[in-house]
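Student: Please pick one part of this structure and go through it closely. Then set that part in its surroundings.

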Amino acid sequence: MKKLFPWLLTGALALWVLAGMMPPKDPGAFHSLDFARLPVVANGRLQPIDSVARNSLLIMRTRRSVSFEETGADGQKHRRRLAAIDWLMELMMKPKVADTRPVFRIDHPQLKDLLGLPGDEKAHYFSWKELEPKLAALDREARRAMDIDAKKRSRFENAAVHLHQALILYQRLKNTLVPEEVHDFAADLEALQEAAGPGLKAFAASHGSRDFDQQALQKLALILRRYESSARMAYPLMIPPADPQKDPEGWKTVGDAVLEPVRAAITRLSAGDTNAVPERLEWQPQLLLFARMASAYRNGDAGAFNAALDEYRQWLDANMPAAVAKGRHEHLYNHWELFYRATVIYVLAFLFGCLTWFADKSFRTFNLAALLLLALGLAAHSGGMFFRMALENRPPVTNLYSSAVFVGWGSVVLGLLLELKFRNSVGVVMAAAVGFVTQIIAFNLSESGDTMEMMRAVLDSNFWLATHVVTITIGYSAMFVAGALAILYVVRGVFTRSLDPRTRRNTESMVYGIICFATLFSFVGTILGGIWADQSWGRFWGWDPKENGALLIVLWCAVILHARWAGLVKGPGLMALAIGGNIVTSFSWFGVNMLGIGLHSYGFMDSAFRWLVMFVASQLVLIALALLPTRYWASYRTGETDPPLRTPRPAPSPAKG
Amino acid sequence: MDAKSIVRALGSLRLTLVLLILAAVLVFVGTMAQVKLGIHAAQVRYFQSLFVYAELGGGLRVPVLPGGYLIGGLMVINLICAYATRIHRPRGRWGLLLVHAGLLMLLLGQFVTDLLQVESTMRLKEGQRLNYSQSSRKFELALIDLSDPDKDRVVAIPESVLQRQQVIRVPETPFTLRVLAYWPNSRPVQGGSDGRAPEVTQGQGRQFRFQPAPRTTRTDRRDIPTAYVEVLVEGEPIGTWCASGWYEAPDRLSHGGREYALWMRPARYYKPYYLKLIDFSHDRYLGTNIPKNFSSLVRIQNPQTGEDREVLIYMNHPLRYGGETYYQSGYDENDPTVTILQVVRNPGWLTPYVACLIVGIGMCMQFAGHLRRLFSRKQEVA
């Protein structure tokens, strides 16, 4: 049983990952999962509407679904969870219901006061309906705050701006498919159809300054105004190009699609063509299908909804197979949630890895379990990362979010290799910790919305993204691996007796080897960045903050290597320098972006800044621990004196030359 | 102390360490200073200097840190001395030798680049033809002899001269300029004179008023200077002009039957050939303002060589021609037919490429050994 345990445990978790990859079943009568896969254009790229729903919820709610308490038919309160797509369908097609869903996260107490919300500390999520009465007050505060430089805003002002933006996004989504004041989309289109003939005739007459039917013109104008405003507000472009072969980029908003035939007629009438009043407005058939879906959904007619949806999907299959595939694949990617599963598995690997140091008898069992779990976590992590690369058709790192995913991945690979070599649980614990932390960082970075945004022209080069960015990021990974190994060394050494001389020696050579690796990659990556800059701006080096950050890592590595070659640092000193590497690397990775200057600046990240300060403080504490004289280290107190350190290879110092 | 021990001390590993740590500190402090000073000013103060000074008020300056040039220079000396004293250790360590040789080349190459690189921009509208690029930071006071209808004769006075000299004799013209005021950055103001600006008797300056402004720290802004000059002929003043970078057109002045133009304009770099913009295209991603791609189709016309050909310049694909490199750098928000090209003259552009290749090879040789040992050493834990 003891021998089987690691395999059984890992097998069970593998099943858990696989279960998440099973094709999802439609929960209700409406085929919401088919709807979720529909391709739309948002943020400059084709994506399934499911991604729009999930990313919008992340921005508003910091979660990818909505959960709330509901009073059921039996009068009992119970929790209900609404998937992102179901929420978005409500918002687009049944906005009155959606307005009661608690989708806005508000934590700041003063902001709650401003909005007249209950001061209950546990209440975090609020609905549009709850916020509506005080929107004017929020608007005033947010506008005032927006005029302040983002770096100088208070937390209250930041919260107000963020909520304001969330509310705008909400309003835009609400008006994307059906203008807010329209109850029944299909019926409203019929009304427009009826009003169009007389209205356009009146317009033609007014143009020739003859007598005209003012009432008919006004009636038409009233309906048109609704769609004008919807066209302006709409967020994703829902309506596909009428002729995908001729104009594959011709996606448009619902409002524009409704107005298209009317505008065409008005243009011709204005040009003097008085025969241009059409018999009937000819809308793009896909628009009418969406109108049928919207009306059926609002009226609770699942059969009619599914029929219109199927008809639209058939058209898409026949005319835009590539867009359909993109929608389907990205939906699958969202659904699998591989990064989330990898994170959970890393936590288990970390726990089992630590356990090995305190359960001597079961060392082999727990070590194997930790190793297998780490490998499984890495498999899920890799699956997610490569899937993402395939979706984007890009190298692994394209923005801060994906750099976090990749830093974690690189560290886990390095940790796994070290573990396979040394089998002392050091590699596995380090890798699981770094993997877990970077996933948390990545998740927090993803709260700003779409993480697969398009690349700006200057960055749009797969060659340089694949070389410069990847090498630099591997350099980050290696620095954090060395830093994490050093932390393990110090914490185990100072607080426990588990850091025996052999482990000490092993860890020291691991740290040294990894620092060499980090030097190579950081240097080559920095230089490649210089060459890219020379290719695109004409200067190899411009002292841009991000460039300086990369240079700092290289300099720090050089300091470590030379200090060791000079024989100035051994065990604990080397570890202190390696932990210092964590500070340097985090400054280079995040810190310089917060300065808000230069070509690499991504804007100021208020909450991230606090975390960075805390991280740096914690590393300074660890460095102080590392510098404690060894007589205070628990591992050195076990009776033996300083073990003979493996002397470094004779340094090429001039004194010896 | 004999020469040998001095060389040994200069080449010591401890000095290397001190220099590396100082370099790391300098880079960190210099980066943080960019927030206040802007990238350019911080670069000059921290990296292109021998010492970094702290202002103590009252004009007192104390060096607090060695600057980039000093640290870089000492690193070069340290490296050379280190190898000089270790020359009779030929075996092994070829990797390290290559790494350091490459680093030496990189440091020297960047120093050369720092001294010789000239950056400017060329702003072209479709159909327009130019034989000069303009500095994006420096201005010059140009005095242009317009009397020849085919050719303008230009005398350009750089800002540094305006700043230093009170009286400037303009060569090839009858004029002498007396600089009454020179403001490196200025802004136009409404209303009458506040007594700070000298009285202007000629040109556009009679309608506009300027006042000095603090120098900008932002990379997307530039200083716009204003100078007040009295023009003298044979010691006799003929009027006072205000020459400002804010003007869109030059002032005229005539003397002895000749027409001249006086203009504070971005410094120009003339070339023996023309570039003509045929077409500029600028795509954005669907439904957003994110630039997707931009490219300029230009025609090179060189009367000296008889060249007349079209080239496409786009992101990451610059044009290298006549010792200069042209990059697609920007566009005009308001005019879709305008392209902005970055023009760089850098005689040392090839050195980092060669240097990095050498360092890369050296590091691979050196560290491959370490890594192999790390993973092949006999397992120590049972």
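Tutor: Chain A is divided into domain 1 (45-72 + 81-177), domain 2 (185-320), domain 3 (337-448) and domain 4 (461-651). Domain bounds come from an automatic or database domain assignment. This is a predicted model: local features need pLDDT of at least 70, side-chain atom pairs count only at pLDDT 80 or more, and totals for chains, interfaces and linings use all residues. Residues are numbered from 1 along each chain as its sequence is written, while chains are lettered from A and ligands numbered from 1 in the order in which they are written.

Our part is helix α15 of chain A, residues 321-336. Helices (H or I, at least four residues) and strands (E, at least two) are DSSP runs, numbered from the N terminus. Start with length. At 1.5 Å a residue, the 16 residues of α15(A) should span 22 Å. The expected span is 1.5 Å times one less than the number of residues. The end C-alpha atoms of α15(A) are 22 Å apart, which agrees.

Now burial. A residue is buried if 20 or more other C-beta atoms lie within 10 Å of its own, exposed if 12 or fewer, and partly exposed in between; C-beta atoms are placed from the backbone. In α15(A), the buried residues are A323(A), G327(A), E330(A), H331(A) and Y333(A). Seen down the axis, they fall within an arc of 155 degrees, so they line one face of the helix. That arc is taken over the directions from the helix axis to the C-beta atoms. The face turned away from the buried side carries exposed P321(A) and A322(A).

What does the buried side pack against? The partners in chain A are α2 (32-36), β1 (39-42), β2 (45-48), α3 (49-61), α14 (302-319) and α17 (363-392). Contact means C-beta atoms, placed from the backbone, within 7 Å. Just after α15(A), E337(A) takes a positive phi of about 50 degrees.

In α4 (residues 84-93), ten of the ten residues are buried, so α4(A) is largely enclosed by the rest of the structure. W87(A), L88(A) and M92(A) are among them. Helix α21 (residues 501-536) has 36 residues and reaches 52 Å from first C-alpha to last, close to the 52 Å expected. 28 of those 36 residues are buried, so α21(A) is also largely enclosed. Just after α21(A), G538(A) takes a positive phi of about 85 degrees.

Next, the cores. A nonpolar core is a set of buried Ala, Val, Leu, Ile, Met, Phe, Trp, Tyr and Cys residues joined through C-beta atoms within 7 Å. The largest has 129 residues; A482(A), L485(A), V511(A), I514(A) and L555(A) touch the most other members. Helix α20 of chain A (residues 462-495) gives the largest share of this core, 17 residues. Leaving out residues up to four places away in sequence, L485(A) touches V426(A), M430(A), T507(A), M510(A), V511(A) and I514(A). Another core, of 80 residues, lies apart; F30(A), F104(A), V182(A) and Y312(A) are among its members.

Finally, the whole chain. Chain A has 24 helices and six strands. Of its 657 residues, 47% count as buried. The C-alpha atoms of chain A fill a box of roughly 105 × 65 × 50 Å, taken along the principal axes. The C-alpha centres of domain 2 and domain 4 of chain A lie 60 Å apart.

Terms used. Two residues are in contact if their C-beta atoms, placed from the backbone, lie within 7 Å.
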